[in-house]
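Hi everyone, thanks for coming.

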Amino acid sequence: MNLAELLILAVGLSMDAFAVSICKGLSMPKSTFKKCCIVGLYFGIFQAGMPLIGYFLGVQFKEYITSIDHWIAFILLGIIGINMIREALSKEQECCNDSLDMKSMLVLAVATSIDALAIGVTFAFLSVDIIPAVSFIGIVTFACSFIGVKIGNIFGARYKSKAELAGGIILILMGTKILLEHLGVF
């Protein structure tokens with residue numbers, strides 16, 4: 001996986017955190033640098049940690065399923081992408097508050113990074129150099145979350161569903177690319 005592909009994947013993965021960050025910023029009377037950093041750190045750390053956990057789980061099973069790893073990557077990325085698109089198109093409004101306490105931020109960080117666990121499993125099958133990859137994902141997520149709080153505080157919820165939709169499409173396209181490359185189409 002080259003740097004451009006990793007960047008696209010990192011941006012796609014960070015869109016859930018970006019959308020929740022917009023919501024957080026929307027609910028804040030004022031978004032300070034400290035508040036943006038707190039949100040960014042929670043989401044960035046969890047978005048980096050989950051693929052690392054998934055990678056170590058995937059490495060345990062890699063030798064048994066290498067013949068179908070491209071299908072697994074395609075299916076996992078497709079499911080995650082479809083789920084993000086479904087959430088983006090849903091008329092259901094999510095409730096957000098401006099609380100940055102550990103309990104509420106942990107719940108949000110885990111919820112937005114569960115899909116990254118599956119990406120980590122995919123990384124194991126693709127033999128990705130994991131430490132630079134998860135570090136990059138964490139940094140991109142931190143930046144997107146930081147910016148999301150600011151955007152939410154300034155512009156409101158206008159971009160939340162668009163971010164989730166874009167993230168879902170990116171993940172589906174990445175999964176399709178992995179499958180097509182393995183099948184020899186590219």
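Before we start, one term: when I say two residues are in contact, I mean that they have heavy atoms within 4.5 Å. And please keep in mind that this is a predicted model.

Let's begin with a glycine. Gly152 sits in helix H5. Which residues does Gly152 touch, leaving aside its neighbours within four places in sequence? They are Ile22, Gly25 and Leu26. Look at Gly25 in particular: its C-alpha atom is 4.3 Å from that of Gly152, although the two are 127 residues apart along the chain. Is Gly152 buried or exposed? Its relative accessibility is 1%, so Gly152 counts as buried.

Now to the helices and the record. The unreviewed UniProt entry lists "transmembrane region" for residues 6–26, 38–58, 64–85, 106–125, 131–151 and 163–180. Let's check two of these spans in the model. Residues 106–125 are 100% helix, with 29 Å between the end C-alpha atoms. Residues 131–151 are also 100% helix, and there the end C-alpha atoms lie 30 Å apart.

Next, the packing. The largest nonpolar core has 31 residues, and Leu9, Phe18, Leu77, Ile119 and Phe123 have the most contacts inside it. Helices H1, H2, H3, H4, H5 and H6 each supply at least two residues of this core. Take Leu9 as an example: beyond its neighbours within four places in sequence, Leu9 contacts Met1, Leu77, Ile119, Phe123, Leu171 and Met174. There is also a second, separate core of 13 residues, with Val20, Val39, Tyr42 and Met105 among them.

Notes. Residues are numbered from 1 along each chain as its sequence is written. This is a predicted model: local features need pLDDT of at least 70, side-chain atom pairs count only at pLDDT 80 or more; totals for chains, interfaces and linings use all residues. Side-chain values use heavy atoms; hydrogens and water are left out. UniProt positions are given in the numbering used here, feature names are shortened, and annotations may be inferred rather than shown by experiment. Helices (H or I, at least four residues) and strands (E, at least two) are DSSP runs, numbered from the N terminus. A nonpolar core is a set of buried Ala, Val, Leu, Ile, Met, Phe, Trp, Tyr and Cys residues joined through side-chain atoms within 4.5 Å. Buried means under 20% relative accessible area, exposed over 50%, partly exposed in between (1.4 Å probe, protein chains only).
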